[in-house]
Amino acid sequence: MSYGAQSMTGELKGVIVKRPAEAYGDRAQVAAQCRALNYPAEPDFERAAAQHAAFVRLVAQFGAEVCYAPAAPGAGLDSVYVHDPVIVTQRGVVLGNMGKAARQAEPAALADYMRSLGLPVLGAITGAGRLEGGDLVWVDARTVAVGEGYRTNAEGIRQLRAVLGDLVDEVLAVPLPHWTGPQDCLHLQSNISLVDRDLAVVYSRLLTVPFRQWLLARGLQFVEVPDEEYETLACNVLALGPRQCVMVAGNPVTQARLEAAGARVWTFPGDEICLKGAGGPTCLTRPFWREAAG
């Protein structure tokens, strides 16, 4: 199977998703999981499943091969957000080490499935290192920015540099703010989504000044997310290709700004599958194959 995804914006050719039926597990335990994961409310399973299916149909209609991860022991509600447990490089899979304790079993389980598809494992973050996929932003194929916060720590970033080796020229550590604290899931991708090599959706209020200036110096233009659309995940946008993107419905200002910047935007309802778990369309996918971005 072809693989390699050192890009956020190259044409999406292969992606892994996980149905809510495989993620939610024992339905009797959902309420307890919601409390442990700090969900604001318990998702309605039938609506969440329907919304997930609509999202996957949208992704598939653009030609991406969609693979479905199976249920796995120890995985729970958050495992529907398959972006976080691993990353995929041009030489194989790197297993994360989850900062969220309830998700510790997910990297190994997802890696087993990816091996079954023919993807090799390049390395793993171990010991005191913590690394989650939602903290990685490929600025280009040789440059990756990594959020350093409650989900990914300095030791995890150090290990990632060693695993990537000559696959990259730069691994940039980007400090993250405390925001609402360690109980919530603030990733670097909570605050920035690339939709082309020179265009990013950003919530500037939660970007550090040095990182924002660094992005501008590289020639990126910004689509700014207004305050009223941050909590509805307007900043979490999945690029299906350059300036071809998917976002959660209900963010009209950000959508209009994207379209004014020359992007085509498709939306899907995500109040159950996305908003309650604070995971947008990027979080719902683990791209394993993207065309190299221009």
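## Close-up views of a predicted model

**Figure 1. The whole chain at a glance.** Eight helices and 15 strands make up the chain. The radius of gyration is 17 Å, close to the 19 Å that the globule rule gives for 294 residues, so the chain is as compact as a globular protein of that length. Please keep in mind that this is a predicted model. Along the principal axes, the C-alpha atoms fill a box of roughly 50 × 40 × 40 Å. As for cover, 55% of the 294 residues count as buried. The chain exposes about 11,400 Å², and carbon and sulfur atoms supply 52% of that area. If we take the contacts between residues at least 6 apart in sequence, 72% of them join residues at least 24 apart.

**Figure 2. An open sheet of three strands, in the order 9-10-11.** The pairing in this sheet is mixed. Strand 9 (192-196) and strand 11 (221-224) stand at the edges with a single partner strand each, so one side of each has no neighbour in the sheet. From one strand to the next, the twist averages 30 degrees. Let us look at one of the pairings. Strand 10 (residues 199-202) and strand 11 run parallel and are joined by four bridges. Leu199 has Gln221 of strand 11 as its bridge partner.

**Figure 3. Helices that meet the three-stranded sheet.** Which strands does helix 6 touch? Helix 6 (residues 209-217) packs on the sheet and touches strand 9 and strand 11. The direction of helix 6 makes about 130 degrees with that of strand 11. Helix 8 (residues 252-260) lies across strand 9, strand 10 and strand 11. Relative to strand 11, helix 8 runs at about 155 degrees.

**Figure 4. The hairpin of strand 12 and strand 13.** Here strand 12 (residues 238-241) and strand 13 run antiparallel, with three bridges joining them. Gly241 stands opposite Gln244 of strand 13. Two residues lie between the strands of this hairpin. In the turn, take a look at Arg243, which has a positive phi of about 60 degrees.

**Figure 5. Strand 13 and its parallel partner, strand 14.** Is strand 13 (residues 244-248) mostly covered or mostly uncovered? Four of its five residues are buried, so to speak mostly covered. Strand 13 pairs with strand 14 (residues 264-268) in the parallel sense, over five bridges. Within this pairing, Cys245 has Val265 of strand 14 as its bridge partner. As a friendly reminder, strands of a sheet pair through backbone hydrogen bonds, either parallel or antiparallel.

Figure 6. How many disulfides does the chain have? With a disulfide taken as a pair of cysteine sulfur atoms within 2.5 Å, the count comes to zero. For Cys235, the closest cysteine sulfur is that of Cys283, and at 11 Å it is too far for a bond. The sulfur of Cys245 has its closest cysteine sulfur in Cys235, 12 Å away, which is again too far for a bond. Cys235 counts as buried because its relative accessibility is 1%. Cys245 is buried as well, with a relative accessible area of 0%.

Definitions and conventions: Residues numbered from 1 in each chain as written. Predicted model: local features only at pLDDT ≥ 70, side-chain atom pairs only at ≥ 80, totals over all residues. Heavy atoms only, no water. Pairing = 2+ DSSP bridges. Axes fitted to C-alpha atoms, helices over the stretch in contact; angles between N-to-C directions. Contact = heavy atoms within 4.5 Å. Rg over C-alpha atoms; globule rule 2.2 N^0.38 Å. Buried < 20%, exposed > 50% of the residue type's maximum accessible area, 1.4 Å probe, protein only. Areas by Shrake-Rupley, 256 points an atom, 1.4 Å probe, with all protein chains shown as cover.
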